[in-house]
Amino acid sequence: MAPKIIPNISVDCVVFGYDGTTKSLNVLLIKRYLESKETHEILVNDYVLTGYHALENENMDDTAARVLRELTGLENLYKKQFRVFGDPNRLMNEKDIVWVESENFNPRTITIAYYFLVKTHEVDIENNSHYPQWFPVNDLPELGFDHKKIITEAYADLKAKSLTEPIIFELLPNKFTVKELQDVYESILGVEIDNRNFRRKLLIKKYLIELDEKQVGVSKKPSQLFMFSKDIYQKIYKESYLISI
């Protein structure tokens, strides 16, 4: 027998992706569309996060992992449960009421919200049955439910965590340049960082390992490559990561 859903508990996932080509922090969204069966009038036409009701045999982390896997095909990525959204009116604007009635689910749904960090090129959006799209976090389309609030709070948490934990390396390739690392910080924090100051502060960090390699396939002078050592970070810096930009 298939496990039963818990009708008033869901998990919504904010999937953040960094695009190294455009140097943009993006959010993965899916289309929400509904027409009247009688008149074909468009009743709902916007975008939402992906979320599912929890199953009785799952904990919330399991549900979040299931959402990510079905949306992106990816597993074992950085995730953070950052808040519960339980306002009784969170699904009660006009469009949401129409959608809730069409989908026959409980309007008094409490959502446990997570965010994930991925590299945009790892998500195959061309061959995806959900037809997801990437949108810059600072240029989002019209959103349904309270998903703008969820994304805003996830982004604020990501900004704070990027200054106190080494989660930013989840958005970089295994080997990267200092400039690529700086670009990710700037895209998340929304600020310009002084090049010399950034390099000076970062290069004294023992968890940044300078490799005996340089960039390949670039037209300009190739830059030195580095990698992040999680082992060194956990051994030495776990209690004192704080980075001041």
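**Figure 1. Overview of the chain.** Of the contacts between residues at least 6 apart in sequence, 68% join residues at least 24 apart; contact means heavy atoms within 4.5 Å. This is a predicted model, in which local features need pLDDT of at least 70, side-chain atom pairs count only at pLDDT 80 or more, and totals for chains, interfaces and linings use all residues. Residues are numbered from 1 along each chain as its sequence is written, and side-chain values use heavy atoms, with hydrogens and water left out. The chain holds 6 helices and 9 strands. These are DSSP runs numbered from the N terminus: helices are H or I with at least four residues, strands are E with at least two. Along the principal axes, the C-alpha atoms fill a box of roughly 65 × 40 × 35 Å. Buried residues account for 45% of the 245 residues. Buried means under 20% relative accessible area, exposed over 50%, and partly exposed in between, with a 1.4 Å probe and protein chains only.

**Figure 2. Helix 4 and its cover.** Helix 4 spans residues 178–189, 12 residues in all. Its first and last C-alpha atoms are 16 Å apart, close to the 16 Å expected at 1.5 Å a residue. The expected span is 1.5 Å times one less than the number of residues. The helix is mostly covered, with 9 of its 12 residues buried. Those buried are Val178, Leu181, Gln182, Asp183, Val184, Tyr185, Ser187, Ile188 and Leu189. Their cover includes strand 1 (5–19), strand 2 (24–35), helix 3 (147–164), helix 5 (195–202), strand 8 (208–214) and strand 9 (224–228). Glycine 190 follows the helix, with a positive phi near 70 degrees.

**Figure 3. Packing of helix 4 on helix 5.** The two helices pack at an angle of about 110 degrees, and their axes are 11 Å apart. Helix 4 is therefore roughly perpendicular to helix 5. Axes are lines fitted to C-alpha atoms, for helices over the stretch in contact, and angles run from 0 to 180 degrees between N-to-C directions. Angles of 65 to 115 degrees count as roughly perpendicular, under 35 as roughly parallel, over 145 as roughly antiparallel and the rest as oblique. Helix 4 contributes Val178, Leu181, Gln182 and Tyr185 to the contact; helix 5 contributes Asn195, Phe198, Arg199 and Leu202. By class, the contact of helix 4 with helix 5 has 5 nonpolar, 2 polar and 1 charged residues. Ala, Val, Leu, Ile, Met, Phe, Trp, Tyr, Cys and Pro count as nonpolar, Asp, Glu, Lys and Arg as charged, and the others, Gly among them, as polar.

Figure 4. The 18 residues of helix 3 should span 26 Å at 1.5 Å a residue, and the end C-alpha atoms agree, at 26 Å apart. Buried here are His147, Ile150, Ile151, Ala154, Tyr155, Asp157, Leu158, Lys161 and Ser162. Strand 1, strand 2, strand 3 (42–48), strand 5, strand 6 and helix 4 are included in what covers them. Phenylalanine 145 sits in the loop between strand 7 (133–136) and helix 3. Its phi is positive, near 50 degrees, though the residue is not glycine. Phenylalanine 145 has a relative accessible area of 16%, so the residue counts as buried.

**Figure 5. Threonine 109 in its loop.** Threonine 109 lies between helix 2 (94–103) and strand 6 (110–119). The residue counts as buried because its relative accessibility is 3%. Its side chain reaches the backbone oxygen of asparagine 106 at 2.5 Å. Not counting residues up to four places away in sequence, threonine 109 touches Pro7, Asn8, Ile9, Ser10, His53, Phe85, Arg90 and Leu91.

Figure 6. Glutamate 58 occupies the loop between strand 4 (50–55) and helix 1 (60–72). With a relative accessible area of 16%, glutamate 58 is buried. A polar contact of 2.7 Å joins its side chain to that of threonine 63. A polar contact is a pair of N or O atoms within 3.5 Å; within protein, one must be able to donate a hydrogen and the other to accept it, and residues adjacent in sequence count only if both atoms are side-chain atoms. Beyond neighbours within four places in sequence, glutamate 58 is in contact with Thr63 and Arg66.

Figure 7. Lysine 79 belongs to strand 5 (residues 79–85) and is partly exposed at 34% relative accessible area. Leaving aside neighbours within four places in sequence, lysine 79 is in contact with Asp61, Tyr114, Tyr115 and Phe116. Lysine 23 lies in the loop between strand 1 and strand 2. Its phi is positive, about 55 degrees, although the residue is not a glycine. Lysine 23 is partly exposed, with a relative accessible area of 44%.
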